[in-house]
Structures are given as structure tokens and as C-alpha cells.
Amino acid sequence: MKLVSPGEAAANSNDIPAEAGEEFVRIGEMAKKYGVTLRTLRFYEDKGLLNPKRDGSTRLYTRRDKARLKLILLGRKVGFSLRDVKQMMDLYDPTGSNTKQLRMALDKSEKQLARLQKQRALIEDAIGELSNSMAIVRQMLTERAAPQASAAG
């Protein structure tokens, strides 16, 4: 069995019209490159976030799919839901100005930033309280260890 590159496979297939110079990437390569599981990529496809081309049962990802995956991963990293990411990506129009998409992205980003800042403040408070508690426990241990040291000597 001869393994061929995704580009060769796509070029040799009658089912997939290859755009000029477009490279296709198989699911395993895509998962490895972006540090996700095969299951994650299939899940994103099921949710309509990615739309790989098919050659039989083989998924072939395009440059567009790669760009969309980068946006999905960025959105997830900053805390957007998949629904939010999909809403923003679905507004993209390659021939338009995309002002509606940009406004939505800015609106959702402002709301998410406020949520993250609130979470950070809560985390900073928790860290402060935990640090204070640890200092008290250390002091108690020091006080309790001192009498034992003098009794032993």
C-alpha cells in the first residue's frame, strides 16, 4: 500500500475539485499540528464548525478549515462557548466588509473580558486568603515546635 500526501490524494480524486495549489491535510496531521484529538475534530465537524472535504471516509482539511480551527481554539482559550465562536464565524462573508461580524466579535469580547477580570479579582482574593491562612498555620507550627525543642534539650 503506497501512502500519498493529502495533496496528491486530492489531486488524484475525481470527487474533490482541487483549487489551484490548495493543500489538503488529513485528520491525523491536523490533530497533531494543533494539539487536539481526532475526537475533537470530529466533534467540531458535527457542530458545524469545520467542514472537511471527503475522499471516501478520509477527511481532508483545507486552508479554510485550518483558519477556522485556529479561531475555534483561540475562542476556547479566552473562554468563549462553541456557540459564540460559531455565531461569529458564521457571519464571515469573504466578499463583504464583515462589519456585522466585527461588531459581534467586539461585543462578545468586551463581555468576556469583563467576566475574566471579575474571575481574576476573585482568584486574587482567594490567593490572598489562602496565603494568610498558610502564614497563620506556619506560625502555629513554629510555636508548637519551639517548646518541644527546649523540652528535648
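Among contacts in the chain between residues at least 6 apart in sequence, what percentage join residues at least 24 apart? After that, please examine how helix α2 meets helix α3.

Mentor: This is a predicted model, in which local features need pLDDT of at least 70 and side-chain atom pairs count only at pLDDT 80 or more, while totals for chains, interfaces and linings use all residues. Residues are numbered from 1 along each chain as its sequence is written, and side-chain values use heavy atoms, with hydrogens and water left out.

To your first question: 46% of the contacts between residues at least 6 apart in sequence join residues at least 24 apart, a contact being heavy atoms within 4.5 Å. The chain contains six helices and three strands, in the order α-β-α-α-β-β-α-α-α. These elements are DSSP runs numbered from the N terminus, helices being H or I with at least four residues and strands E with at least two. Of the chain's 153 residues, 26% count as buried; buried means under 20% relative accessible area, exposed over 50%, and partly exposed in between, with a 1.4 Å probe and protein chains only.

Now to the part you asked about. Helix α2 spans residues 27-34 and helix α3 residues 38-46; their axes come within 9 Å and cross at roughly 105 degrees.

From α2, the residues Ile27, Gly28, Met30 and Ala31 meet Leu38, Leu41 and Arg42 of α3. By class, this contact has five nonpolar, one polar and one charged residues. Here Ala, Val, Leu, Ile, Met, Phe, Trp, Tyr, Cys and Pro count as nonpolar, Asp, Glu, Lys and Arg as charged, and the others, Gly among them, as polar.

A further feature concerns aromatic rings. The whole structure holds one aromatic pair: phenylalanine 43 and tyrosine 44, tilted, at 6.2 Å centre to centre with 55 degrees between the planes. Rings of Phe, Tyr and Trp (its six-membered ring) pair if their centres lie within 6.5 Å; planes under 30 degrees apart are stacked, over 60 edge-to-face and the rest tilted. Phenylalanine 43 is partly exposed at 38% relative accessible area, whereas tyrosine 44, at 8%, is buried.

Definitions and conventions. Axes fitted to C-alpha atoms, helices over the stretch in contact; angles between N-to-C directions.
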